[in-house]
Amino acid sequence: MIGNDIIALQVAAQESRINRKGFLEKLFLPEEIQMIYHSPDPATTTWLLWSCKEAVYKIIHRYTRERRYAPQRFHCYLQQQERGAASGMVVYQQQTCYFQSTITTDYIHTYAAVTPALLKEMEVFADTTQHYPSTPQRIQPLLSNNELFYKDEAGIPYILHRDTGEQLPVSVSHHGNYLAFVKLSPLEKV
Amino acid sequence: MDKETFIEQLREIVKPYAKNQEALAGINANTDFITDLKINSANLVDVVLDVEEKYDIVIQNEEMERMLNVQAAMDIVEAKLKEK
């Protein structure tokens, strides 16, 4: 399974006061808060860790169909962080997920999968240039004629391949004017 | 505290974070913070913190997990106020 999350950093700075008392303590584990405090750019690290939790929440939600606001159940382990990119793991109960993040001055985009192989296989889209209306209208033009974007009763998105009838998971994220999604190609099923 | 009063107070709390003004106008016990009011998930913690401040209570992680709609928030706050 796959998941992703995009955060528009300017929008995040307007929407959230990360210095607010209790904000970090409710969302992050003590080790993660230490990581934020010791970071040269605490705001970016905060949003990087948050995007990891969100991307993996989408994977877990796909499995469990259970909605929960439990960010501290997601343990983030940053393994590599260099200019413009980060990677690592997020552990939720017995499940380990792997993530890759792109970091720019404008946004953070994290995508995650249940195996490192799947992480490499998936197709990643991030569009930070356009201003579109709501999600389905934004996604469909970015797909091939053969692909139909839809959501099930639980609101979980899929792409139906019209020729084969195959349904493959897609994860969609939008924030501010930014849109991102990750999908699996046919033949590369989970 | 009666239900109507609580919902009115909660409406004021969620106002700065709610992106769907129509849903905010029609807020009721069944209103979902995320799917109806379109509060983003990073702002849901602000709702939790604002509720803590307003009622002078501490919401535990296990309670926060299910604080996704107005009814759940009301149940949590009522239980906490009874403990006082």
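In this predicted model, B:Arg11 counts as buried, with a relative accessibility of 17%, because the buried class takes in residues under 20% relative accessible area. The side chain of B:Arg11 has a partner in B:Glu8: the two form a salt bridge in which the closest N and O atoms are 2.8 Å apart. Both residues belong to helix 1 of chain B, which covers residues 3-14, and they sit three residues apart, or about one turn of the helix.

The side chains of A:Arg73 and B:Glu65 meet in a salt bridge of 2.4 Å, N to O. A:Arg73 is found in the loop between helix 4 (42-64) and strand 2 (74-82) of chain A, while B:Glu65 is found in the loop between helix 4 (61-64) and helix 5 (70-83) of chain B, so the pair joins two chains. A:Arg73 is partly exposed, at 30% relative accessible area, whereas B:Glu65 counts as buried, at 11%. A network of salt bridges links A:Arg20 with B:Asp46, B:Asp50 and B:Glu53. Over all chains, a search of the whole structure finds 17 salt bridges. As a general point, side chains of opposite charge can pair when their charged atoms come close.

Chain B contains five helices and zero strands, giving the pattern α-α-α-α-α along the sequence. Its radius of gyration is 12 Å, close to the 12 Å that the globule rule gives for 84 residues, so chain B is as compact as a globular protein of that length. Along the principal axes, the C-alpha atoms of chain B fill a box of roughly 35 × 25 × 20 Å. Of the 84 residues in chain B, 54% are buried. Among contacts in chain B with a separation of 6 or more, 47% are between residues 24 or more positions apart.

The accessible surface of chain B comes to about 4,100 Å², and carbon and sulfur atoms account for 47% of that surface. Chain B carries 10 positive and 18 negative side chains, with the centres of the two sets 2 Å apart.

Key: Residues numbered from 1 in each chain as written. Chains lettered and ligands numbered in written order. Predicted model: local features only at pLDDT ≥ 70, side-chain atom pairs only at ≥ 80, totals over all residues. Heavy atoms only, no water. Salt bridge = Lys/Arg side-chain N within 4 Å of Asp/Glu carboxyl O. Helix = DSSP H or I, 4+ residues; strand = E, 2+ residues; numbered from the N terminus. Buried < 20%, exposed > 50% of the residue type's maximum accessible area, 1.4 Å probe, protein only. Rg over C-alpha atoms; globule rule 2.2 N^0.38 Å. Contact = heavy atoms within 4.5 Å. Areas by Shrake-Rupley, 256 points an atom, 1.4 Å probe, with all protein chains shown as cover. Lys, Arg positive; Asp, Glu negative; His and termini not counted. Charge placed at Lys NZ, Arg CZ, Asp CG, Glu CD.
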